[in-house]
Amino acid sequence: MSAVDSRLADLDRARWRMALTLTGATVLLYFGFIALVAFGRPILAVQVVPGLSLGILLGALVIVASWVLTWIYVRWANTVYDPQVRALLESGR
Amino acid sequence: MTQGAATAIGQPNAVAMAFFFVFISITLAITFWAARRTRTTEHFYAAGRTISAGQNGFALAGDYMSAASFLGIAGLVSTTGFDGLIYSTGWLVGWPVVLFLIAEPLRNLGRYTFADVVAMRMRQTPVRIAAALGTLATVTLYLIAQMVGAGGLIRLMFGFSYEHAIILVGIVMIGYVLFGGMIATTWVQIVKAVLLMSGALLLALLVLLRFHMSPVALFAAAAERYGDGVLAPGKLVSNPLDAVSLGIALMFGTAGLPHILMRFYTVPDARAARTSVFIATGLIGLFYLLTFILGFGAMVLIGPETIKAVDKGGNMAAPLLAELLGGTPFLGFIAAVAFATILAVVAGLTLSGAAALSHDLWVSVVRKGRADAREQLRVARMATLALGVVAVGLGITFKGQNVAFMVSLAFAIAASANFPALVLAIFWRRYTTAGAVTSMATGTLATLTLIYLSPTIQVDILGQGHAWFPLKNPALVTLPLSFLAGILVSLLAPEPGASAGFTRLERQTHLGTAAE
């Protein structure tokens with residue numbers, strides 16, 4: 001296995017680590033919310049300000065946070081992963 | 001006299017007709033333009049891989065946001081309050097999973113269908129057959145739900161008969177796909193996504209104008225009139241396991257929907273696939289946030305009783321709101337948007353079903369990959385026509401039936417048959433032909449069986465006293481079962497060729513063809 005190959009394998013592993021971590025975060029986020037819906041009704045009924053219950057606030061936050069997670073991944077892939085792969089492939093030529 | 005009786009819904013609406021006519025004219029012009037560019041299967045299935053990340057982001061959103069989510073969730077929120085919002089979040093959280101696990105490897109490995117990726121290092125025939133059956137099961141169930149919904153909706157909004165509505169949808173949709181293939185389908189999705197987003201934004205804006213531009217003031221008004229209970233979880237989630245099971249189906253089913261997966265082949269590379277999911281997630285997220293405002297707006301300004309008087313399911317909440325705030329012209333616009341939404345979704349579904357029939361079954365299984373380009377394109381078009389006719393037939397057959405459960409059934413099959421096979425094929429070196437076939441077959445059959453034994457069919461539809469299986473959605477059981485079956489069978493009978501293939505494809509999986 002050449003040096004380029006082993007560096008690429010490292011990059012591979014880094015990508016999967018990132019992908020699995022973020023997937024785990026999404027799963028925790030959503031099923032945490034569902035667990036609250038199922039078992040924490042009194043908590044979600046609390047109104048932060050009149051009209052804005054914790055349930056509505058957290059529901060909206062789940063949506064926003066999911067989007068932020070995709071942003072984190074895309075940013076990492078575009079600024080860290082892609083340039084390193086490209087640099088390696090060019091050095092390997 | 002109730003407000004419901006004063007609505008123009010259900011009467012032929014000149015503005016709706018005019019908007020609808022404009023939409024049809026524009027999309028058919030696009031189809032004509034696309035037809036001249038559709039010369040090979042690469043164009044027909046994958047739009048020549050020339051769709052940009054931004055365009056694909058809108059098209060993904062267009063493919064995913066069905067009339068059910070626009071009208072259904074707004075209706076659910078308007079009649080139940082917070083409980084409807086559980087769906088708004090659930091329909092979104094699959095997208096990060098699509099991005100992190102599926103989009104890039106799929107783009108790097110496959111050509112037209114997700115079966116390309118599963119079958120890549122396996123024996124083609126058995127895997128292609130199993131994957132095509134998984135695809136066709138998902139697509140058919142989704143199509144039935146869309147067609148039946150379309151018939152009812154168009155009857156309610158335009159006053160056409162149910163059968164005429166179904167046939168009209170069928171003919172226009174077949175026209176898009178048959179002649180314009182993926183290029184036309186993509187642009188229909190984009191036009192529809194823009195229309196749907198602007199319609200929802202405008203409607204939400206008109207609602208908020210009545211509440212000093214404050215969503216919180218709107219929620220407070222709802223709580224004041226209907227009690228604080230509308231802002232908190234209610235009766236919908238009486239069984240926590242049911243909620244978790246539905247959540248699993250929505251989250252992992254999105255990553256197994258054939259018509260969504262197919263869209264990643266239309267962009268030039270993995271980077272564009274990645275960016276397109278980010279854009280789609282933003283659009284879909286914004287749309288579901290808007291359903292909060294539309295739903296509570298309809299609850300306060302129109303009232304759950306009036307909404308249910310027009311349509312028992314609450315589906316007319318958004319159109320009623322449009323009529324109240326913008327008069328008959330705005331109602332006409334929203335009605336036309338709902339119609340465009342249905343057309344676009346069924347076009348995407350039909351194209352992915354046709355790809356499974358022609359690319360996976362005919363070209364790969366029957367002809368063993370020996371079909372020339374002309375034959376491939378001809379078969380793809382024949383499959384489109386056949387599937388379109390079947391969709392119309394099914395729509396008419398299921399008239400008046402309760403088919404709402406079929407959407408969650410489609411998601412359950414996608415999550416339990418397609419998703420595990422795809423993930424194991426991408427991730428796991430020791431996955432084998434027998435393992436892939438077993439996991440897909442187990443996922444499909446277990447889902448169908450458990451849905452049949454569930455309260456949805458036994459109690460709600462067949463009127464039995466109790467159901468053998470307690471959960472409305474089986475994904476909590478069937479997704480792990482499918483993974484387990486695939487892993488066990490692969491470990492029991494190793495397939496050295498498939499493992500060697502994994503090593504061979506490893507770089508391409510992660511790095512794309514640039515790494516070859």
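1. **Ground rules.** This is a predicted model, where local features need pLDDT of at least 70, side-chain atom pairs count only at pLDDT 80 or more, and totals for chains, interfaces and linings use all residues. Residues are numbered from 1 along each chain as its sequence is written, while chains are lettered from A and ligands numbered from 1 in the order in which they are written.

2. **Where the chains meet.** On the chain B side, 44 residues are in contact with 40 residues of chain A; contact here means that two C-beta atoms, placed from the backbone, lie within 7 Å. Helices α5 (82-90), α6 (94-109), α10 (215-226), α11 (240-254), α13 (270-301) and α21 (496-511) of chain B each supply at least two residues of the side that touches chain A. Helices (H or I, at least four residues) and strands (E, at least two) are DSSP runs, numbered from the N terminus. Which helix gives the most to this side of chain B? That is α13(B), with 11 residues. By class, the side of chain B that touches chain A divides into 32 nonpolar, 8 polar and 4 charged residues. For these classes, Ala, Val, Leu, Ile, Met, Phe, Trp, Tyr, Cys and Pro count as nonpolar, Asp, Glu, Lys and Arg as charged, and the others, Gly among them, as polar.

3. The axes of helix α3 (residues 54-91) of chain A and α5(B) come within 9 Å and cross at roughly 10°, which makes α3(A) roughly parallel to α5(B). Axes are lines fitted to C-alpha atoms, for helices over the stretch in contact, with angles from 0 to 180 degrees between N-to-C directions. Angles under 35 degrees count as roughly parallel, over 145 as roughly antiparallel, 65 to 115 as roughly perpendicular and the rest as oblique. From α3(A), the residues A:G55, A:I56, A:G59, A:V62 and A:I63 meet B:F82, B:L85, B:S88 and B:T89 of α5(B). This contact of α3(A) with α5(B) holds 5 nonpolar, 4 polar and no charged residues.

4. **α3 against α13 in chain B.** The axes of α3(B) and α13(B) come within 7 Å and cross at roughly 50°, so the two helices are oblique to each other. Their crossing is right-handed; a crossing is left-handed if the near helix is turned anticlockwise from the far one by less than a right angle, and right-handed if clockwise.

5. B:A61 sits in helix α3 (residues 53-64) of chain B. Is B:A61 buried or exposed? B:A61 counts as buried because it has 27 C-beta neighbours inside 10 Å; the cut-offs are 20 or more other C-beta atoms within 10 Å for buried, 12 or fewer for exposed, and partly exposed in between, with C-beta atoms placed from the backbone. Not counting residues up to four places away in sequence, B:A61 touches B:A193, B:A280, B:L283 and B:I284. B:A61 and B:T281 are 220 residues apart along the chain, yet their C-alpha atoms are separated by 7.6 Å.

6. Helix α8 (residues 124-158) and helix α15 (residues 317-366) of chain B have axes that come within 9 Å and cross at roughly 160°, so they are roughly antiparallel. The crossing of α8(B) and α15(B) is left-handed. The largest nonpolar core has 232 residues, and B:A318 and B:L321 are among those with the most contacts inside it. Such a core is a set of buried Ala, Val, Leu, Ile, Met, Phe, Trp, Tyr and Cys residues joined through C-beta atoms within 7 Å. The largest share of this core, 29 residues, comes from α15(B).

7. **Two backbone spots to check.** B:R49 has a positive phi of about 55° although it is not a glycine, and B:H212 has one of about 50°, also without being a glycine. B:R49 is in the loop between α2 (41-46) and α3 of chain B, whereas B:H212 is in the loop between α9 (162-209) and α10 of chain B. With 17 C-beta neighbours inside 10 Å, B:R49 counts as partly exposed; B:H212, with 9, is exposed.
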